[in-house]
Amino acid sequence: MSPNPFSKAIPCRPGNPIHLLNFMSLDEYGAILLDEQALRILRKIEEPIAVITVVGSYRRGKSYFANTLLGRHDGFKLGSSMDGCTKCIDIWDTPFYHEGKRVVIVDCEGIDDPKQEFPWANKLFILCLAISSTLIYINGIIGRDDIEKLFLMTKIVSRIQPPNDYQFLPNLVVLLRDFQLDDPPDFVEEFLERLSKVDDDAAKEITKFFKKFDVYPIPIEKAVTNIYEDLPPKYLNASTMSGATFAEFLERCVVQINDPTNNMLSIPSAYEATINYAAQKAHETCLEDYNEIMNQMENKEFPISWDEFEIIHNDVFEYVVKSFFKQIIGSADQIQSFQKKFYETIAIIKEQSYMKNSAAMSKYHEEWADKIWKDCVKPGLEIENLFDTDKFEEAIELFEQTYGTVVKPGHEAVQVLNSFKANQYKDAIELLKTYGNLREERVNEMLARQEAEKKYYELLQEEEKLKLCLCSLLNNLYFLF
């Protein structure tokens with residue numbers, strides 16, 4: 001690795017060049033082939049991505065300036081003859097971090113290589129316009145040939161269907177490679193003035209299509225510094241693209257460009273496909289995270305109290321929702337639609353976990369109730385050792401008190417106790433009544449009390465269910481608003 005010999009102020013970036021795509025002449029149209037290794041590198045980028053593409057004449061030092069952006073002279077291959085070296089599009093395989101963005105440097109094949117096939121030249125430039133956040137055009141000092149190339153650029157823009165209400169074209173930076181005059185007060189004005197003298201239409205078209213437009217001459221250090229200071233991320237409508245969404249957008253654009261029946265590259269349709277891809281990917285990965293944590297809770301801890309269940313669910317839900325919103329992109333209506341679908345799926349999974357915990361809670365309370373009944377009540381129901389009224393009431397009171405010490409609050413605990421009152425209590429009373437061990441008036445009082453308590457606990461059970469439903473509803477409303 002060698003540092004840039006022209007300026008120590010430009011950091012030297014580690015890595016190597018790799019192909020992003022090639023052009024294959026399969027027929028009269030040909031096809032763009034994307035490299036899977038490069039796509040894997042792009043998909044791993046979680047931060048907003050910024051793409052700097054260097055284009056221009058195949059003899060104007062594109063690769064040299066691409067290396068300068070990397071702070072080195074031994075990166076992208078340089079040409080040593082009249083033939084261009086880059087016969088495809090290459091990227092730097094180590095996107096570097098800069099002011100909250102991951103920067104991808106793209107070295108593009110020369111757009112006027114005499115060995116280049118005509119369909120490829122147009123497709124190449126259309127793709128560069130679509131995928132770049134900053135497009136650097138290496139230009140001469142404004143000669144007739146340069147004007148023709150710049151004018152061709154604006155004509156190619158007309159073959160791209162733009163999205164509504166959003167600027168999709170990259171920042172355009174023209175680098176005046178052969179400029180050796182004294183610096184003018186404003187290079188953009190100087191450039192446009194010279195451009196107008198040769199072709200006024202070309203100057204008007206450039207300013208019409210490219211809203212952000214800069215011109216820099218040598219020295220290189222100033223140009224590189226200014227390019228990085230004014231480097232935007234790549235946007236999809238109003239959202240920044242991550243590496244994964246950028247890779248998907250790139251693939252969608254290539255599919256359209258490869259279609260011989262397409263005369264236009266539709267950015268809206270590529271955006272739409274990318275938005276749906278991002279939503280589906282976020283939906284899958286976030287549900288997987290939610291499922292994994294809820295399953296771990298089920299396998300290790302069920303049953304757990306409902307308060308703890310809600311705390312765990314809310315923590316997991318908040319985590320996956322934040323992750324979900326970081327990944328999805330699109331309009332407000334699209335995001336709301338994706339969010340609604342995601343919440344509905346989460347609610348189904350939560351209900352499944354709820355039912356599993358409820359079943360475990362019921363089993364837990366049934367096992368404890370059986371054990372306590374056998375210890376506190378069952379011995380006094382043996383024929384040779386039957387309770388009298390007072391002893392029976394004491395045993396029932398001890399059963400309920402002991403049961404209360406192991407209860408996990410919730411409707412399942414109430415349901416199990418109600419079941420005992422409707423069955424074991426009733427059978428015990430009938431047994432003791434048959435043998436005359438219970439006074440008639442006490443039997444009636446017990447039965448009446450049991451009926452009242454049964455209704456009371458049924459109301460408590462309904463209240464518990466309503467609380468859980470309300471808690472879930474409030475939780476969803478919190479994230480909706």
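Guide: Helices here are DSSP runs of H or I with at least four residues, strands are runs of E with at least two, and both are numbered from the N terminus. Counted that way, the chain has 14 helices and 13 strands. Residues are numbered from 1 along each chain as its sequence is written, and side-chain values use heavy atoms, with hydrogens and water left out. Please keep in mind that this is a predicted model: local features need pLDDT of at least 70, side-chain atom pairs count only at pLDDT 80 or more, and totals for chains, interfaces and linings use all residues.

Let us go to helix 10 (residues 306–327) and helix 11 (residues 332–376), which pack at an angle of about 155° with their axes 11 Å apart. The axes are lines fitted to C-alpha atoms, for helices over the stretch in contact, and angles run from 0 to 180 degrees between N-to-C directions. Angles under 35 degrees count as roughly parallel, over 145 as roughly antiparallel, 65 to 115 as roughly perpendicular, and the rest as oblique. Helix 10 and helix 11 are therefore roughly antiparallel to each other.

Which residues make the contact, taken as heavy atoms within 4.5 Å? On helix 10 they include Trp306, Phe309, His313, Phe317 and Phe324, and on helix 11 they include Ile335, Phe338, Phe342, Tyr343, Lys350 and Met361. By class, this contact of helix 10 with helix 11 has 14 nonpolar, five polar and two charged residues. In that scheme Ala, Val, Leu, Ile, Met, Phe, Trp, Tyr, Cys and Pro are nonpolar, Asp, Glu, Lys and Arg are charged, and the others, Gly among them, are polar.

Another pair to set beside it is helix 8 (residues 243–258) and helix 9 (residues 267–301), with an angle of about 140° and axes 9 Å apart. That makes helix 8 oblique to helix 9. Helix 8 also passes helix 9 in a right-handed crossing. Among the residues in contact are Glu248, Phe249, Arg252 and Gln256 of helix 8 and Tyr271, Thr274 and Tyr277 of helix 9. The class count for helix 8 with helix 9 is nine nonpolar, four polar and two charged residues.

Leaving aside neighbours within four places in sequence, Ser266 is in contact with Gln161 and Gln256. Ser266 counts as buried at 12% relative accessibility, where buried means under 20% relative accessible area, exposed over 50%, and partly exposed in between (1.4 Å probe, protein chains only). Across the chain, 49% of the 481 residues count as buried.

Two loops are also worth a visit. Glu99, in the loop between strand 5 (96–98) and strand 6 (101–108), has a positive phi of about 50° although it is not a glycine. Glu99 is exposed, at 55% relative accessibility. Asn237, in the loop between strand 11 (235–236) and strand 12 (239–240), has a positive phi near 55°, but Asn237 is buried at 18%.

Notes
Contact means heavy atoms within 4.5 Å. A crossing is left-handed if the near helix is turned anticlockwise from the far one by less than a right angle, and right-handed if clockwise.
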